[in-house]
Amino acid sequence: MTVLKLGSKGPDVVKLQKLLNVYPDGIFGNITLEALKAFQNDAGLFPDGVAGPKTWAALIPDDGIILKRSRRRIDLILVHCTATPEGKDYTVDQIREWHTAPKPKGNGWSDIGYHYIIYRDGSVHLGRDVDIAGAHCEGYNSYSIGIVYVGGLENIPGKPVSELPSKDTRTEAQKLALVDLLVKLRRLYPHAEISGHRNYDKKGKTCPSFDARNEYRDI
């Protein structure tokens, strides 16, 4: 999510103001600044008046998922996309079916490959148990956590999914949920690198269709 501070303007400021329960005029002025500092102080954050990743995560209501610390050594947190068309919803059960169905229909894996799945509405769902290595990035699964958001491809009617170009299709809810989840995972694995699948894939994939390493560098 965008880092906001005094003088910032636009729709992200409106979202911030609504979460702080101040008038949403889209202008980060002194009233928004004081409300943000008060919130940060109450939340145990440094009250610098800047809405960065940790503040956004604290502002977002808890989705109720209990994050378990893996017994594995975790050095890497990788963000993925499901490589599905924009605007289409898919569930954990559907993704699990893709992954576990026998070849050639599916991948023939023992379970869903990701540990966390983020739906288009921003809800976060559990996938494979974090104590078990995932199946999301060849060569890096044993010491990583895999997160996937639903989407990642343009939606072009009549064109096969295999021919759809990549696109950052994250909804605003997914963007907020990703930041929230990554902040929480960072607390569990403070030394783990946060990156995108494309930075480690040996086949040149564009997944997750945006630069996760750069976007989340401050988390």
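Strand β5, residues 144-149, is largely enclosed by the rest of the structure, because six of its six residues are buried. The model is a predicted one. In general, the side chains of a regular strand alternate between the two faces of the sheet. In β5, S144, G146 and V148 point one way. I145, I147 and Y149 point the other way. Residues of both sets are buried.

Two strands pair with β5 as follows. Strand β1, residues 76-81, runs parallel to β5 and is joined to it by six bridges. Within this pairing, H80 of the structure has V148 as its bridge partner in β5. Strand β3, residues 116-118, also runs parallel to β5, with three bridges between them. Here I117 has V148 as its bridge partner in β5.

The cysteines were examined next. A disulfide is a covalent bond between the sulfur atoms of two cysteines. A search of the whole structure finds zero disulfides. For C137, the closest cysteine sulfur is that of C207, at 8.9 Å, which is too far for a bond. C207 is likewise in no disulfide, and its nearest cysteine sulfur, in C81, is 3.9 Å away. A disulfide needs the two sulfur atoms within 2.5 Å. Both C137 and C207 count as buried, C137 at 2% relative accessibility and C207 at 10%.

The largest pocket has a volume of about 800 Å³. It is lined by 33 residues, and the closest to its centre are N107, W109, Y114, H197 and K205. By residue class, the lining divides into 14 nonpolar, 13 polar and six charged residues.

R69 sits in the loop between α3 (53-59) and β1. Leaving aside residues up to four places away in sequence, R69 touches V130, D131, L188 and Y189. R69 and V183 are 114 residues apart in sequence. In space, their C-alpha atoms are 14 Å apart.

Most peptide bonds are trans, and most residues other than glycine have a negative phi. The peptide bond from K103 to P104 is cis, with omega near 5°. P104 is placed in the loop between α4 and β3. A cis peptide bond also joins C207 and P208, where omega is about 15°. P208 is placed in the loop between β7 (193-196) and α6 (212-215). C207, which takes part in this cis bond, is the cysteine whose sulfur is closest to that of C137.

Positive phi values occur at N21 and A83, neither of them a glycine. For N21, phi is about 65°. N21 lies in the loop between α1 (11-20) and α2 (30-42). N21 is exposed, with a relative accessible area of 73%. For A83, phi is near 55°. A83 is found in the loop between β1 and β2. A83 is partly exposed, and its relative accessible area is 37%.

Note on methods
Residues numbered from 1 in each chain as written. Predicted model: local features only at pLDDT ≥ 70, side-chain atom pairs only at ≥ 80, totals over all residues. Heavy atoms only, no water. Buried < 20%, exposed > 50% of the residue type's maximum accessible area, 1.4 Å probe, protein only. Helix = DSSP H or I, 4+ residues; strand = E, 2+ residues; numbered from the N terminus. Pairing = 2+ DSSP bridges. 1 Å grid on protein atoms, 1.4 Å probe; cavity = no way out; pocket = protein on both sides within 12 Å on 5 of 7 lines; lining within 4 Å. Points joined across faces, edges and corners; volume = space filled by probe spheres on them. Nonpolar A, V, L, I, M, F, W, Y, C, P; charged D, E, K, R; others polar. Contact = heavy atoms within 4.5 Å.
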